[in-house]
Structure formats: structure tokens, C-alpha cells
Amino acid sequence: MPTKLCSQAVLCHDPVPGDRGHEAGDNRAQHLEDRLLKKTPLPAGYTRGEKYCRILESSGGTLFAEQELAIDENMKFVKWFDKTAYGRCKIDVSLKKDNKITCLDWKTGGIREDSLQLKINACFLALKHPEIETFVTKYIWLKHDAVTPKDGVFSKEDIPAMWEEILGWVERMKSAWRTERFDPKPSGLCRGWCEVASCAHCGKGGRR
Ligand code: SF4
């Protein structure tokens with residue numbers, strides 16, 4: 001993954017072929033936001049999220065869509081494009097009810113297990129809503145009509161350790177940036193997702 005980020009952010013290989021799906025994903029996210037906030041029917045070809053929208057609508061509580069949360073280095077909220085923004089987190093959908101928040105992330109590609117994004121979502125929501133005790137975080141895989149992970153439920157007490165994990169990851173990325181060392185870390189993403197052709201692991205796969 002550091003090699004992929006290097007290809008995108010340092011060497012500016014543009015476009016990185018593995019990101020071709022982002023535009024379609026952005027369109028889908030916009031349609032789902034309009035569906036949830038403005039009741040605009042999902043257009044043909046984008047209707048896979050309808051059943052989840054209905055479940056959310058019938059659940060009660062307060063619904064948020066495409067929430068943009070940005071914080072500075074002191075963990076204070078700032079505007080999304082503020083120059084002091086240190087961390088940004090866009091939450092596709094969240095449903096706040098009593099002392100629980102359910103946070104969903106729409107996905108368009110193949111199912112992958114990656115809990116980091118869910119933890120980041122929960123941590124930002126914990127900052128935004130300090131009164132919340134339980135965070136339920138899920139990916140909705142639209143193409144597969146599937147919801148993962150089976151767990152993804154965090155308590156308020158889990159949040160500090162999750163921030164430590166996230167900030168540790170940030171520190172490793174900063175160190176890679178400083179030393180300009182972006183060693184490849186082969187994983188299941190090398191095959192079928194990442195297309196950094198210059199990487200020796202591209203297309204070969206690795207550990208999951
Ligand atoms: S092919 Fe694998 S190891 Fe290489 S940049 Fe892509 S994800 Fe990283």
C-alpha cells in the first residue's frame with residue numbers, strides 16, 4: 001500500500017488505473033445522498049441501495065448523509081478545506097438514535113475485509129457526538145447485496161485505543177514520506193485491485 005500511495009501522491013502517476021472506479025462510486029454516493037436527504041428516486045442502474053435506504057428511513061433517529069468531518073492537530077473540528085485540517089473523514093451515512101450511532105459506508109467493488117476505515121469513522125463520530133456509547137460500523141457492498149463485517153461494533157471505551165492505532169498508522173506514513181521509503185507491502189489487494197504496474201507484486205497477490 002505505501003508503494004501505491006507513493007505512485008499516486010509522490011510520483012503523480014495520473015491516473016492510477018486502479019482508481020478508475022472512483023468516478024462511478026462518486027456518482028453512486030451522490031444519488032444515495034439525494035435519495036436519503038431529498039427523497040429523489042435512485043436512477044436506473046443505481047437502485048441497489050434502495051432497500052438499505054428504506055431500512056434506514058424506517059429505523060427512526062436522526063439521519064446524516066455525506067457528512068464531512070475535518071479536525072486539526074489538536075482534534076478540534078475545522079472546516080473541510082481549512083488549511084489547518086490534519087485529518088478528514090467523510091461519512092457516507094450515519095443514523096443517530098438514543099446513545100447509539102450506526103455508520104454505513106457504501107462500497108461498489110469486490111468485498112474486502114478492512115476494519116481501519118470503520119475505526120476511523122467511529123473515532124471521528126465519537127469526537128462529533130461525545131454522548132454516544134455504541135458505534136455500529138458496517139460496509140454495504142452494493143454489487144453483492146452484502147453487509148460486513150459481522151462485528152464492527154465499538155463501545156465508547158474502545159475509542160482511545162483505536163485512535164492510538166490510527167495515529168500509529170499516520171506516523172508510519174509520515175516516516176515513509178520523510179525518508180522517501182515506500183516499501184511495498186504485498187497483500188490480497190495486489191491482484192485485481194492495485195494496478196501499480198511498476199511494483200514487483202502487481203497482479204501476483206499476497207497475504208490477505
Ligand atoms: S501491487 Fe501490492 S505491494 Fe505493490 S503497490 Fe500495489 S498493493 Fe502495494
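Me: How do you know that the span of H5 agrees with its 21 residues in this predicted model?
Reply: The expected span is 1.5 Å times one less than the number of residues. For the 21 residues of H5 that gives 30 Å, and the end C-alpha atoms of H5 are 30 Å apart, so the two agree.

Me: What makes H5 count as hardly covered?
Reply: A residue needs 20 or more other C-beta atoms within 10 Å to be buried, and the count of buried residues in H5 is 0.

Me: Why is H4 called oblique to H5?
Reply: Happy to go through that one! H4 (residues 115-128) and H5 (residues 159-179) pack at about 125°, with axes 10 Å apart. Roughly perpendicular ends at 115 degrees and roughly antiparallel starts over 145, so H4 is oblique to H5. The crossing of the two helices is left-handed.

Me: Which residues of H4 and H5 meet, and of what class are they?
Reply: From H4 come Lys-119, Ile-120, Ala-122, Cys-123 and Ala-126, and they meet Ile-159, Met-162, Trp-163, Glu-165 and Ile-166 of H5. By class, that contact has 8 nonpolar and 2 charged residues, with no polar ones.

Me: Where does Thr-40 lie, and what is it in contact with beyond four places in sequence?
Reply: Thr-40 sits in the loop between H2 (21-38) and H3 (50-57). Setting aside neighbours within four places, Thr-40 is in contact with Asp-34 and Arg-35.

Key
Residues numbered from 1 in each chain as written. Predicted model: local features only at pLDDT ≥ 70, side-chain atom pairs only at ≥ 80, totals over all residues. Axes fitted to C-alpha atoms, helices over the stretch in contact; angles between N-to-C directions. Parallel < 35°, antiparallel > 145°, perpendicular 65-115°, else oblique. Left-handed = near helix turned anticlockwise from the far one by under 90°. Contact = placed C-beta atoms within 7 Å. Nonpolar A, V, L, I, M, F, W, Y, C, P; charged D, E, K, R; others polar. Buried ≥ 20, exposed ≤ 12 C-beta atoms within 10 Å, placed from the backbone.
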